[in-house]
Amino acid sequence: GSEVAGAQGICMDGWHIPTDEEINILENYVIDYINSPSPQYPCSINEVGWGRCADNDGTYSGTYGAGKSLKAVGQGNGTDDVGFDGRFGGYRHPVGTYSSFDSGLFLWSSTFSSSISAFRRLLYLSNSTVYRYSNNRDYGFSIRCLKD
């Protein structure tokens, strides 16, 4: 229940919930690693929405992209180029129902965007991009802990 960006939260000792900036470091590492020959959407914490961190082909499903490269093989168009092995887990709605088990990996950051919301990422089924937005913290998204 900490409200401090980068807090340990539910992660084990020596690990923490990554901040929005730390997730962006990973996104940019992946973009550099895949070294696409195509023009790219920007990949910073200044953008929200789908047009981020991938080939700028107008469809969000280009050949190269951080979203595609972070998803596990067999998870949509995932190629797991850097060993992240992102697996779809869906999410829990605030009312207790569940959605998107077979179509997306929803990941929290520990960075608040308002008093009730935090930034999150979505790696979606056929998209190569990484969706960045903020959501009410009442949603149940996955967390990927980062070693201190």
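Predicted model: local features only at pLDDT ≥ 70, side-chain atom pairs only at ≥ 80, totals over all residues.
Trainee: What makes phenylalanine 106 and phenylalanine 141 an aromatic pair that is stacked?

Mentor: Their rings are 5.4 Å apart, centre to centre, and the cut-off for a pair is 6.5 Å. The angle between the planes is 20°. Stacked means under 30 degrees, so the pair counts as stacked.

Trainee: Where in the chain do the two residues of this pair lie?

Mentor: Phenylalanine 106 is in strand β4, and phenylalanine 141 is in the loop between β6 and β7. They are 35 residues apart, so the pair links distant parts of the chain. Ring pairs also link Phe106 and Phe141 into a cluster with Tyr91, Trp108 and Tyr139. The structure holds 12 aromatic pairs.

Trainee: Why is phenylalanine 106 called buried?

Mentor: Its relative accessible area is 7%. Buried means under 20%, so phenylalanine 106 qualifies. Phenylalanine 141, at 10%, counts as buried too.

Trainee: How do you know that arginine 132 sits over the ring of phenylalanine 119?

Mentor: The charged end of arginine 132 is 4.0 Å from the ring centre. The distance limit is 6 Å, and the charge must also be within 35 degrees of the ring normal. Arginine 144 lies over the face of phenylalanine 84, at 3.9 Å from the ring centre.

Trainee: Which residues are closest to the centre of the second largest pocket?

Mentor: The pocket has a volume of about 250 Å³. Of its 15 lining residues, the closest to the centre are Pro18, Ile23, Leu26, Phe84 and Arg144. α1 gives the most to the lining, with 4 residues.

Trainee: What classes of residue make up the lining of that pocket?

Mentor: The lining has 11 nonpolar, no polar and 4 charged residues.

Note on methods:
Residues numbered from 1 in each chain as written. Heavy atoms only, no water. 1 Å grid on protein atoms, 1.4 Å probe; cavity = no way out; pocket = protein on both sides within 12 Å on 5 of 7 lines; lining within 4 Å. Points joined across faces, edges and corners; volume = space filled by probe spheres on them. Nonpolar A, V, L, I, M, F, W, Y, C, P; charged D, E, K, R; others polar. Phe/Tyr/Trp six-rings, centres within 6.5 Å; stacked < 30°, edge-to-face > 60°. Buried < 20%, exposed > 50% of the residue type's maximum accessible area, 1.4 Å probe, protein only.
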